[in-house]
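Visitor: I would like to learn how to read the disulfides in a structure like this one. Could you walk me through it?

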Amino acid sequence: MLQTLLVIASVASIALGDIRGVSPDKQHLYQPITENGKQYWHCLNDSAIKLSYDQINDDFCDCPDGSDEPGTHACPNPPFKFYCANRGHFPNYIPHFKVNDGVCDYDVCCDGSDELGGICKDKCKEIHRQFEDYKAKVEKSVSAALSKKQGIIADAKNKRDRLVNNLKKLEQMLPHKKMQLNQLQLQWEEKGDQDLSVYDVLGEHISDLVSRLDAHKKDITKQEHQIQLLETLLDTLSHEYNPNFNDPAVKDSIHKYQEYISNKDEEIKEDIKETNKILHELGERAKAMNHNGGDYIQFKPTLGNMLHHYFQLFTGTFLTKPESQVKSTLSSDELSIQIESLENEIASIEHKITAIKENLNSDFGPDDVLRAYELKTITKRLGGYNYLIHILGSVLQDDVLIGNFKKYEDGKVYFDKGSKCWNGPHRSAVVEFECGDKLELISVSEPEKCRYSFLVRGEAWCEPVTDKDILATFKIDYDLL
């Protein structure tokens, strides 16, 4: 029966001038050659093989390249797919193994042309009507998203403009501050060595001592915090473990912990307090000791004072001092305080300038769009965890740090240097984006240990769509056919 249908279809297609399964742009490849009143045809990739024209689509594979059966699945490797005209909808192509298999593949061939004998009715009009309804919804949604996207881009531009303006103000402010500092330094130099205290002589050593003590204090504070965490865990274990399990290792550990708590030594803290006391007394004595027997001067042990002292020695020895245009009415101590304050202010301005320049030179996506999300966070509970994503900040899983913002690259945001996994690497993450009608977290996965992948949806990642884009996501409602 199928063979008869194929012969009829082949004869009909020849009569109509169309070869079944061949697209219009390839129909010329199947033009017949007439010899002695009969029509012939050559295999496409082997012109030495000559067939009678009615051997095309006869459900028997005569050509090694399968080119004689474009409308059947007789040949295992035909040169191209079966063409469905789908008049009234969109033309398409279907693999040959699905041709004449008794299944109506309306998602590809809505005209039913992939099946002979009228098995599949032409549904292109009904399907295209569904497509037009779906297209209208998609275009409306995308249009609204693109409108919001323009607002997001404008917000990002405003944030960038504010940074640029702030940078200009800071750069304009810096020379004036440096000029003020220079004037104060000249006034301070006019005071000469007469006001130098012991701090000016020993400033380098005292500053180094202060820095070391500060660093030591930070290390101890960090260690104490870690010890407190460990003690909390062991305290919880000592109160909540089940003694009826008779686990000697656990009991022995609990007993040793209780002994440790009972005999916890506080002497280390006392030693630190004693060190601070000695340093304080040393400072007070130094303040009362003038280097050359001058008046009592209260200098603070800062790196700035030390630099002033050595700068003064250098200029006094090798350079001619400029005459100060303004005689200072301030004491050396007051000048020192103002100089230190200005130095700190200048350092702060320079730090802000560097930070702003780095920010402006960073890649925040097309149209700087990520800048608009600088203060926004995305939260959602998935898989039993609460996730918090700050796109230009950090990613958290409950209270565990997954990573800090590293860079934007190839449409993705990368985070690294998260909390270290148990017996694993430090956590890190990649956030990918897709178009959506609101900003939200869609999914999270862990393709590798402690390396997370997030999918975020939002208007900022929407682009104008074509019929091809819409067709790629269109699904037929078969209940309406």
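Guide: Gladly! A disulfide here is a pair of cysteine sulfur atoms within 2.5 Å. Keep in mind that this is a predicted model.

Visitor: How many disulfides does the count come to?

Guide: By that rule there are 7 disulfides. One of them joins C61 and C75, with the sulfur atoms 2.1 Å apart.

Visitor: Is the disulfide of C61 and C75 right-handed or left-handed?

Guide: Look at the torsion about the S-S bond: for C61 and C75 it is about 115 degrees, so this disulfide is right-handed. Both cysteines sit in the loop between β3 and β4, 14 residues apart. C61 is partly exposed, at 28% relative accessible area, while C75 is buried, at 4%.

Visitor: And what is the torsion for C104 and C120?

Guide: About -95 degrees, so that disulfide is left-handed. Its sulfur atoms are 2.0 Å apart. C104 and C120 lie in the loop between β5 and α2, so the pair ties together parts 16 residues apart in sequence.

Visitor: Where do C421 and C450 lie?

Guide: C421 is in the loop between β10 and β11, and C450 in the loop between β12 and β13, 29 residues away. Their sulfur atoms are 1.7 Å apart, and both cysteines are buried.

Visitor: What is the mean pLDDT of the chain?

Guide: The mean is 84, and 79% of the residues reach 70 or more. Over residues 4–9, however, pLDDT is below 50, and over residues 11–16 it stays under 50 as well. Where pLDDT is low, the predicted coordinates should not be read in detail.

Definitions and conventions:
Residues numbered from 1 in each chain as written. Predicted model: local features only at pLDDT ≥ 70, side-chain atom pairs only at ≥ 80, totals over all residues. Heavy atoms only, no water. pLDDT = per-residue confidence, 0-100. Contact = heavy atoms within 4.5 Å. Helix = DSSP H or I, 4+ residues; strand = E, 2+ residues; numbered from the N terminus. Buried < 20%, exposed > 50% of the residue type's maximum accessible area, 1.4 Å probe, protein only.
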